[in-house]
Amino acid sequence: MSGDAGPAADLGYSRSEIMIAASARQLDRVRNCFVGVGLPNIVCNLAQRTVSPDLQLVYESGVFGARPERLPLSIGDPTLVTGATAVTSMFELFAYYLQAGLIDVAFLGAAQIDRYGNINTTVIGDYDHPKVRLPGSGGACEIAIHAKRILVIMRQAQRSFVETLDFRTSPGHSGDPAHDAARGWSGSGPTDVVTDLATYTFDDATGEMTLVTLHPGVGLDEVRANMGWEPRVAEDLGETPAPTAEELRLIREVLDPGRIYTK
Amino acid sequence: MSKVASMRDAVAELVRDGDTVAIEGFTHLICFAAGHEIIRQRRRDLTLARMTPDVVYDQMIGAGVARKLIFSWMGNPGVGNLHAVRRRIEKADPAPLEIEEYSHFGMVCRYMAGAANLPFFPIRSYDESDIPKVNPNIRSMVSPYEDATEIHVVPPLKPDVAIVHAQRADAGGDAQIWGLLGCQKEAAFAAERVIVVCEELVEESVIRADPNRTVIPGVIVDAVVEEPFACHPSFTQGYYDRDNAFYLAWDEIARDAASLDAWLDEWVYGLANHAEYVEKMGAQLWDALRPEPAMSGEVDYGRYA
């Protein structure tokens, strides 16, 4: 895990837990959600048990409408298959479900993100002589342009919230809304970013990431210290609602009792 | 005609130095036993293709069988990195590894074009991504129809050999798969030679009783290998679960070239075949990985005599 979830024990929950709870609430009344590796797995499973019981969990491994009985260890866990609405070939999943525009929301993670929500999951350093070779696109570069909304969930740090990406794996906004509108993609790009410190939306006029809420106990200075550019801040900057007792119970007792994601 | 063979004979006959080899499987049905046999027979200069290179490709690349990797996502799923692959890409240690990368859908469509004998496959991916800048095989064209859409295209991928694992197959190679299907069908139809590995060899009548479940027909298959638990530490739906402890352990083993070599000595070179691996892992492990049953409902195909 990159970054440090930090001590927030006096609040009765960790920063990972508020990140998960705040992300799950983004899925309120969402129908078809493309679930990614790692944290999105627990976020979507929490949302299905709270704000969005009709949420259809879609996995790029070829599962539509998963009803996992345990927290999946990966996006290809056998628990996703048993009891699902449909299991498809990967061609079908990517062509008919994603490329044709059926997916309402998709989660993406990132090793690096910039102020317009462009994402790097390919390489740190030069492509031909990388400092760190990352996993690559997987389905991310196509999810980024086809899902109607993109939610980004990731821990915040100087090295991950960067002024300039080392590689653009998946496009976000361009900084020119006229250009973005003319792209003709079925998706509208990233709409929200949730980190362990704060939540962000993207400004309609400029496509720029905009700080909208700070998690309880987090100051603007800490947010600034953990990003590579001076953030745009909403005029009505608010506070992220704390996780409810029920959200915490589900996270701790049902979804992640081994504390793999929430330590 | 029976195509049943041992893993040793199938690999010896069908996998050759310099081949492009695809051991497909999207977290599910990844035929580790075939990868181990390729290592054991010391194949060299392979191009390994797969959407999601994971631990078995880390083992194979760490063992020195490959010079090139074609892929869309590499990693130890749910755990982290592939350390042997990274050493070769980042530090050319002990030798460089050529890479050619796509997205998931790009890889699927490459196999699709290969399987369908098409010159390319159009996809609405890669717009404003840097991937085409580092992979000149991803190109774009303008649709010849009225809308004149500009669209990316990917070339066919036709492996010399595809190795596909199935729950069951008959002696002729007709293979049935359930659970996550990945792109095994596309990879097999695209390949020049196909090895089917199965948990259970069954009578042809079992296949014919449920033809919708046949993913690969024997007509494209060259060899059938019955090899229980061949996918460990990956899983076979309905037969055994993923051995997550192994995936976590591999993260430690592969961090260091010497410990990776020691693992290969103990678990691959030091064993004659996968049956010995299964025995050495111990019955307790296999019992622990066995899921409770969840039977499918039956369907009535009807008899039309």
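Q: Quick one before we start: when are two residues in contact?
A: When their C-beta atoms, placed from the backbone, lie within 7 Å. Keep in mind that this is a predicted model.

Q: Switching to chain A. What helices and strands does it have?
A: Chain A has 7 helices and 14 strands. Its radius of gyration is 18 Å, close to the 18 Å that the globule rule gives for 263 residues, so chain A is as compact as a globular protein of that length.

Q: What does its C-alpha trace span?
A: About 45 × 45 × 40 Å along the principal axes of chain A.

Q: What pLDDT does chain A average?
A: The average is 93, and 96% of the residues of chain A score at least 70.

Q: Where in chain A is the pLDDT below 50?
A: Over residues 1-9 of chain A. In the model, that stretch has 17 contacts beyond near neighbours in sequence. Where pLDDT is low, the predicted coordinates should not be read in detail.

Q: Now chain B. How many helices and strands?
A: Chain B has 12 helices and 12 strands. The C-alpha trace of chain B spans about 65 × 60 × 35 Å along its principal axes.

Q: What does the domain assignment give for chain B?
A: Domain 1 covers 7-102 + 158-289, and domain 2 covers 120-155. Taken over C-alpha atoms, the centres of domain 1 and domain 2 of chain B are 31 Å apart.

Q: Back to H4(B). How do the axes of H3(B) and H4(B) cross?
A: The axes of helix H3 (residues 55-62) of chain B and H4(B) cross at roughly 50° and come within 7 Å. That angle makes H3(B) oblique to H4(B).

Q: Which residues meet there?
A: From H3(B), B:Tyr57, B:Asp58, B:Ile61 and B:Gly62. They meet B:His83, B:Ala84, B:Val85 and B:Arg88 in H4(B). The contact of H3(B) with H4(B) divides into 4 nonpolar, 2 polar and 2 charged residues.

Q: Backbone next. Which peptide bond is cis, with omega near 0°?
A: The one from B:Asp93 to B:Pro94. B:Pro94 sits in the loop between H4 and strand E4 (98-101) of chain B. A cis peptide bond also joins B:His232 and B:Pro233, with omega about 10°. B:Pro233 is in the loop between strand E12 (223-226) and helix H9 (244-253) of chain B.

Q: And what is the phi of B:Arg42?
A: Positive, about 55°, although B:Arg42 is not a glycine. B:Arg42 lies in the loop between helix H2 (32-40) and strand E2 (46-49) of chain B. Most residues other than glycine have a negative phi, and most peptide bonds are trans.

How values were computed
Residues are numbered from 1 along each chain as its sequence is written. Chains are lettered from A and ligands numbered from 1 in the order in which they are written. This is a predicted model: local features need pLDDT of at least 70, side-chain atom pairs count only at pLDDT 80 or more; totals for chains, interfaces and linings use all residues. pLDDT is the predictor's confidence in each residue, from 0 to 100. Axes are lines fitted to C-alpha atoms, for helices over the stretch in contact, and angles run from 0 to 180 degrees between N-to-C directions. Helices (H or I, at least four residues) and strands (E, at least two) are DSSP runs, numbered from the N terminus. Angles under 35 degrees count as roughly parallel, over 145 as roughly antiparallel, 65 to 115 as roughly perpendicular and the rest as oblique. Ala, Val, Leu, Ile, Met, Phe, Trp, Tyr, Cys and Pro count as nonpolar, Asp, Glu, Lys and Arg as charged, and the others, Gly among them, as polar. Domain bounds come from an automatic or database domain assignment. The radius of gyration is taken over C-alpha atoms; the globule rule is 2.2 Å times the number of residues to the power 0.38.
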